[in-house]
Amino acid sequence: MYDPDLITGTTVQYYVTCKREAWLFAHRISADQNDENILMGRALAEIKEEKQLEDFAFSNLKFDKIGKERGHYVVTEYKKSFRNPEGAKMQLLFYMYLLKKNLKLRKIDGKVISGKKVLFVEGNEENMRMMEALLEEMSRFLDEPRPPKPEKIAFCAKCGYRNYCY
């Protein structure tokens with residue numbers, strides 16, 4: 001089975017969006033490094049550095065910010081857009097799941113911020129169980145020897161892996 005410790009927040013976001021993209025990423029196949037969205041992501045990372053929003057590293061995770069609000073931890077992720085809210089939510093939930101599990105936190109919540117929009121994510125037991133089930137499903141899927149066949153979806157036009165599909 002694919003080592004679940006190798007799963008990252010990016011892998012989770014890709015899996016929720018496009019399983020083929022997740023498989024390619026997890027098997028260390030590089031996306032087009034000149035793709036405008038990848039370049040935009042790098043530029044956003046540089047802006048975060050300028051604003052001193054350092055990545056908070058925990059294990060193999062990198063998320064943007066963690067702090068305490070009203071006595072419990074809140075993880076914050078910044079995104080360039082809300083084009084894929086489900087992917088952003090699941091990436092954040094992945095970080096929250098690992099922090100809660102490994103640090104034995106009683107309560108943790110999160111939020112994704114893009115411009116003036118904020119998406120709140122609860123770290124309740126239902127969401128934690130959903131993430132645990134998703135990670136088991138992903139481990140089985142990523143263990144497959146080949147990626148699934150390409151499927152045209154709304155995100156293909158801006159995907160850094162589109163050259164591997166069409």
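**A walk through the fold**

Of the 166 residues in the protein chain, 41% count as buried (under 20% relative accessible area, with a 1.4 Å probe and protein chains only). Keep in mind that this is a predicted model, where local features need pLDDT of at least 70, side-chain atom pairs count only at pLDDT 80 or more, and totals for chains, interfaces and linings use all residues. Residues are numbered from 1 along each chain as its sequence is written, and side-chain values use heavy atoms, leaving out hydrogens and water.

The chain holds five helices and six strands (DSSP runs of H or I with at least four residues, or E with at least two, numbered from the N terminus). Starting at the N terminus, they run α-α-α-β-β-β-β-α-β-β-α.

Now for a helix pair. The axes of H1 (residues 9–17) and H4 (residues 85–103) come within 8 Å and cross at roughly 145 degrees; these axes are lines fitted to C-alpha atoms over the stretch in contact, with angles from 0 to 180 degrees between N-to-C directions. Residues of H1 that meet H4 include Val12 and Val16, and on the H4 side Met90 and Phe94 are among them (contact means heavy atoms within 4.5 Å).

Next, look at aspartate 64, in the loop between strand S2 (61–63) and strand S3 (65–69). Why does aspartate 64 count as buried? Because its relative accessibility is 4%. Its side chain reaches the backbone nitrogen of tyrosine 78 at 2.7 Å.

To finish with the overall dimensions, the C-alpha atoms of the protein chain fill a box of roughly 50 × 35 × 25 Å along the principal axes.

How values were computed
Buried < 20%, exposed > 50% of the residue type's maximum accessible area, 1.4 Å probe, protein only. Polar contact = N/O pair within 3.5 Å; in protein donor to acceptor, adjacent residues only side chain to side chain.
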